[in-house]
Amino acid sequence: MSYSDLPNDLHPTDIAPGVQRLDGAEIAEGIRNYLVGLALATLLTIVSFFISGTTLVWGPSIPVALVVLAFAQMGVHLVFFLHITTGPDHVNNVMALAFGVLIVLLILAGSLWIMANMNYNLAPTGETMQMQLESGPEFRAVTAIGVIAPAATAPVAARVPGVITSVRCDANTQVKAGEPCAAIDPGPYKIAADQSEVGLKSAEAQLERDKANFAAKKAALERQEALSRRRAISQKVLAMSRKSVEAAQTQTEQDETKVAELKAALDTAKTNLASTEILSPIDGTVVSRNVELGQTVDAKPETPPLFVIATDRTPIHIEATISAQDSRAIKLGTKATFAVPAFPNRQFSGTVTQIRPSPQTNEHVAIYDVVISAPNPDLLLKPGMAATIRIVKD
Amino acid sequence: MTTIEAAAGRDDPNRLGHDWESPYLQHTLGHAERGLASKRIITAFGFWIFLVSDIIMFSAFFATYAVLVGNTAGGPSGRELFNLPNVALETAFLLVSSFTCGLASIGARAHSGSWFYGAMAATFILGAGFLSIELREFASMAARGAGPTRSAFLSAFFTLVGCHGLHITAGLLWLLTMMAQVFAKGYRPEILRRMLCFSLFWHALDIIWVAIFTVVYLMGTAQ
């Protein structure tokens, strides 16, 4: 049974969309048609999914390939499922479709073009580090540009001089408190500690010997004192014995002092040895590293720290400069909003927590530093990001 | 030459222009001038115009989505949300359902009951499967805090994909009523016309899905 046999068909040459022309052909022909369409569409779908996840092709070409494949598949659907062809009996259907496609393209291309233009015109201009005042009485807001810094940082310095033998932390490494960040060659400190230990041991042995000697002399003196009460020995011998007991006691006391000194020295040497492991004092992120493998570092206070570690999950600070006339309107606790280029569609907020009283004078214009503090609960704000700040004056 | 054409042409008292007997004219006449088209052609063409306008409406949603796709307001992007194996399954369901819908329309034309009902039931099951995967995806996104209110990107996503899902829902209801109509009234010409419109609608939804899985899912997760 074919369509042209239907009693309603007055015009066998006109075709409705979606109608297969089966004049005289078998139904099997129609099914074969659908099967071909299904096979082609499946093939195109598989290629689309494969291409979107592959790294075999050059990245920027993937969207183009996907669009081409989608159009091809829509064509397959139109021809094999909707039975739209370019034949003369399909003129009306194709014209309606072509008009629809024209409108679709106008809507898509027009929207994307206009919105891209608007985004371009709204993009922030330049990155001057100067304060700008939005003019006009209706704009009672100050804008300024600053750099985000962590509110709390911990410098990590070497406590003993030496050669760096390993560096385990780098900028952006997450560290836990007590985690080793670098190591100084422990060799010399190990030798010093061993030497102190040996010295301490021999001093302790000496102390033991001298103590035994003192005890023996004391016992001898006691015997001689007993003999001298019976006038058995002379006073001269007794005096000599007393002297030698006193000498032995002094020697023991000296030994004890020496043992205490050597114990302290051993503790120092052990501490120094432990200090060759450079540990992070806090949980946080390493923000800077100033040390290389094999570098010789010293432990003087003026040397820059080996690492700077910023604590996580703490508020951040932004330092910005404002002019003297604006500083009148800005007080501690004034609300400020700011944006960072990394999250262009997000506004962050903070409060002014410091206004530094000493001005920097630049060509007779006084500018003040203000510090804005903001919470950073989702850790989006990273040190070093430039922030565009807007402070609304009361 | 039919009586309708005769009424439209021959009996025109002013005999506007055309010699209806000329064999030359018979081949070159435009469609409109050959008189009224059949009811089936008019119905299907009208429905075709509706489908084109529906596609134009979808193109507005596509344009909205393309403009807003980057505006995630710090929320999750498509790359983090989309599950391509799910999308591949949805695509397969819809493609095969389009095929079975074609089989059902052949079955209706052949007046073959078992064929028509079987293919329609398969279409319904595949369409319902598609819909359930889509609803599960929406629910899991909402549960992860990525509902339509999270960002402009997600608003546009739910509008576009959700609108297609609503079309599928409407199509499934229509499919059931088509089966009921054929069951109650048989393969009458007007029922076959409705069946033709339904299959057009169902195939058009698959075409829109091709655009959705390409633009939204594949481009959203491409390397």
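**A friendly note on chains A and B**

1. In chain B, which has 223 residues, buried residues make up 39%. Here a residue is buried if 20 or more other C-beta atoms lie within 10 Å of its own, exposed if 12 or fewer, and partly exposed in between, with C-beta atoms placed from the backbone. Please keep in mind that this is a predicted model, in which local features need pLDDT of at least 70 and side-chain atom pairs count only at pLDDT 80 or more, while totals for chains, interfaces and linings use all residues. Residues are numbered from 1 along each chain as its sequence is written, and chains are lettered from A and ligands numbered from 1 in the order in which they are written.

2. Chain B contains eight helices and zero strands, giving the pattern α-α-α-α-α-α-α-α along the sequence. Helices (H or I, at least four residues) and strands (E, at least two) are DSSP runs, numbered from the N terminus. Of the contacts in chain B with a separation of 6 or more, 80% are between residues 24 or more positions apart. A contact means that the C-beta atoms of two residues, placed from the backbone, lie within 7 Å.

3. One helix to look at in chain B is H5 (residues 84-109). Helix H5(B) has 26 residues and reaches 38 Å from its first C-alpha to its last, close to the 38 Å expected at 1.5 Å a residue; the expected span is 1.5 Å times one less than the number of residues. Because 19 of its 26 residues are buried, H5(B) is largely enclosed by the rest of the structure. After H5(B) comes His111(B), with a positive phi near 55°.

4. Now the interface: 53 residues of chain A are in contact with 51 residues of chain B. On the side of chain A that touches chain B, helix H1 (27-53), helix H2 (61-81) and helix H3 (91-122) of chain A each supply at least two residues. The largest share, 13 residues, comes from H3(A). By type, the residues on this side of chain A are 32 nonpolar, 18 polar and three charged. In this count Ala, Val, Leu, Ile, Met, Phe, Trp, Tyr, Cys and Pro are nonpolar, Asp, Glu, Lys and Arg are charged, and the others, Gly among them, are polar.

5. Chain A has an open sheet of four strands in the order S7-S6-S4-S9, with antiparallel pairing. Two strands pair if DSSP finds at least two bridges between them. Strand S7 (277-279) and strand S9 (296-297) of chain A are the edge strands, each pairing on one side only. Strands S4 (residues 162-167) and S6 (residues 180-184) of chain A are joined in the antiparallel sense by three bridges, and Ser166(A) has Ala183(A) in S6(A) as its bridge partner.

6. Another open sheet of four strands in chain A has the order S3-S10-S8-S5, again with antiparallel pairing. Strand S3 (153-156) and strand S5 (174-175) of chain A are at its edges with a single partner strand each, so one side of each is left without a neighbour in the sheet. Partners in S10(A) include Ala310(A) for Thr153(A) and Val308(A) for Ser288(A). Strand S10 (residues 307-311) of chain A is largely enclosed by the rest of the structure, because four of its five residues are buried. Two bridges link S5(A) to strand S8 (residues 284-289) of chain A, where Gln174(A) stands opposite Thr285(A).
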